[in-house]
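Let's take a friendly walk through a protein model and look at how some of its side chains pair up. Keep the structure open beside you as you read.

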Amino acid sequence: MSDRSAANASSRGSQERADVIVVGAGPGGSTAAAHLAARGLDVVLVDKSSFPREKVCGDGLTPRAVKQLIALGIDVSEEAGWVRNKGLRIYGGRTEPFILDWPDIAEYPPYGLVRARADFDKLLVDNAVAKGARLFENTNVVAPIINPRTDRITGVTTKDGRSFTAPVVVAADGNSSRLALGMGLTKRDDRPMGVAVRAYYRSPRASDDYMESWLELWDGTPGKSNLLPGYGWVFGLGNGLVNVGLGTVSSRPGAAAVNYKELLTRWLASTPAEWGYRPENQVGPILGAALPMSFNRQPAYTRGLLLVGDAGGMVSPFNGEGIPYAMESAAMAAEAISDAQFRGFGTPSAEMALQGYPVRLKDEWGGYFRLGQVFVSLIEHPQVMHVCTKYGLPRPTLMRFTMKLLSHLYDTRRGDWMDMVLTTLTKMAPSA
């Protein structure tokens, strides 16, 4: 029996001990587990599913996420199954699209990647296991174990009666984060919330050097039909399929109920028939997911629990991107935990190391997320987006500046005047 199979053969009532428990094996959880295991910590990684498994996502990765894959030592070559792209093809304001290459800057590689999320997540899980993490699949965590004397988390219990204990626990269990709720961490209602839906289609546009972004969604002839809320994307998977999706964002949760699947269908019905975005070419159902933004659950560390990725609301309000922030926060959490272990778990010094994690998060992204909240409040109305695309897109310098802002791709230590302006703006803005 393999180590992986043995990990899933635990019986009811059993207990596993480790240095760290990571709950959720998505990009954030697997990244955290990989970094921790590589540093020599005994890591248990648990997930309610088995891999590969379906996950709602656009499947497109910007250079920000590519950098994290490289840091994990993952082969990102086309020979390894990745589809590489040069930048964005942006539709909005006119019939013909605008082409913008990814910024060529020091801090990030000048290319993006596309890979089906089911394959992507399995690759990250396998990488964590290869580095020494102990994976428990089909393990549904239902509650934290809390020491009544210290009020600190000391482990988790599962639906089938097992328990896992450790001095530190990482919650990477997504937007709903049962673990965070069990520790009394609820969502803030003063943060943006997005929703995304996507479907796969057989299409002749499956092989593409650019990821495609639609800033205006019409249900007929542009300018002569209804302007729909949200933005769209088309990412070619290179295997005959494209991932086509639609996202919307509201400055506050609890917006009026919208049939997002119907919006996607209306938009795609207006696209050229030869592109293939029609029901007869659809592969699988239309699926949707929530996008928690701007640190909508805080604090990111409390009483032995660290939040990473969606569990802490770490999705960009500018573009709905979550994978790079999940992976970056996981790397930062792993650094803090490793530092705490060497200082001695349970000591005041170790606690200082762990408390530095949310401080670092806010220092890195707080101002950027705050600017994103302002951005959302301005463009959540389709008419405002229409004006922005009509008058902003035709200006190349303004559009390059805007792309750096929306994609969070600019040099913070050196670079051109755009980089310096954006860095200054994010440093001046109060933290989200």
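## Charged pairs

There are 24 salt bridges in the structure, which is a predicted model. Side chains of opposite charge can pair when their charged atoms come close.

| Salt bridge | Closest N and O atoms |
|---|---|
| Glu16 and Arg134 | 2.8 Å |
| Arg162 and Asp160 | 2.8 Å |
| Asp339 and Arg343 | 3.0 Å |

Let's begin with Glu16 and Arg134. Glu16 belongs to strand E1 (residues 15-17) and Arg134 to strand E9 (residues 134-136), so this pair ties together parts that are 118 residues apart in sequence.

Arg162 is buried, with a relative accessible area of 4%, whereas Asp160 is partly exposed, with 29%. The cut-off behind these words is simple: buried means under 20% relative accessible area.

The third pair sits within one element. Asp339 and Arg343 both lie in helix H7, four residues apart, which is about one turn of the helix. Asp339 is partly exposed at 31% relative accessible area, and Arg343 is partly exposed at 38%. Elsewhere, salt bridges that share partners join Arg89, Arg205, Asp208 and Glu212 into one network.

## Another residue of helix H7

Stay with helix H7 (residues 323-343) for a moment, and look for Glu335. Glu335 is partly exposed, with a relative accessible area of 37%. Which residues does Glu335 contact, leaving aside its neighbours within four places in sequence? They are Arg39 and Arg360. With Arg360, the side chains make a polar contact at 2.9 Å. Arg39 is 296 residues away along the chain from Glu335, yet their C-alpha atoms are separated by 9.3 Å.

## Aromatic rings

A pair of aromatic rings is described by the distance of the centres and the angle of the planes. By that kind of description, the model has 19 aromatic pairs. In one of them, the ring centres of Phe295 and Trp365 are 6.3 Å apart and the planes meet at 15°, so the pair is stacked. Phe295 lies in the loop between strand E20 (282-292) and strand E21 (301-302), while Trp365 is in helix H8 (residues 348-379), so the pair ties together parts that are 70 residues apart in sequence. Phe295 counts as buried at 3% relative accessibility, and Trp365 counts as buried at 0%.

Now compare the rings of Phe318 and Phe375: their centres are 5.1 Å apart and their planes are at 40°, so this pair is tilted. Phe318 is in the loop between strand E22 (305-307) and H7, and Phe375 is in helix H8, so the pair ties together parts that are 57 residues apart in sequence. Phe318 is buried, with 8% relative accessible area.

## A nonpolar patch

Finally, turn to the surface. Trp417, Met420, Val421 and Leu425 form a nonpolar patch there, with about 390 Å² of accessible area together. Val421 lies in helix H11 (residues 417-428) and is partly exposed, with a relative accessible area of 35%.

Terms used. Residues are numbered from 1 along each chain as its sequence is written. This is a predicted model: local features need pLDDT of at least 70, side-chain atom pairs count only at pLDDT 80 or more; totals for chains, interfaces and linings use all residues. Side-chain values use heavy atoms; hydrogens and water are left out. Patches are made of residues with over 30% relative accessible area and no salt bridge: like charges are joined within 9 Å, nonpolar side chains (Val, Leu, Ile, Met, Phe, Trp, Tyr) within 5 Å. Accessible areas come from the Shrake-Rupley method with a 1.4 Å probe; for residues, only the protein chains shown count as cover. A salt bridge is a side-chain nitrogen of Lys or Arg within 4 Å of a carboxyl oxygen of Asp or Glu. Helices (H or I, at least four residues) and strands (E, at least two) are DSSP runs, numbered from the N terminus. Buried means under 20% relative accessible area, exposed over 50%, partly exposed in between (1.4 Å probe, protein chains only). Contact means heavy atoms within 4.5 Å. A polar contact is a pair of N or O atoms within 3.5 Å; within protein, one must be able to donate a hydrogen and the other to accept it, and residues adjacent in sequence count only if both atoms are side-chain atoms. Rings of Phe, Tyr and Trp (its six-membered ring) pair if their centres lie within 6.5 Å; planes under 30 degrees apart count as stacked, over 60 as edge-to-face and the rest as tilted.
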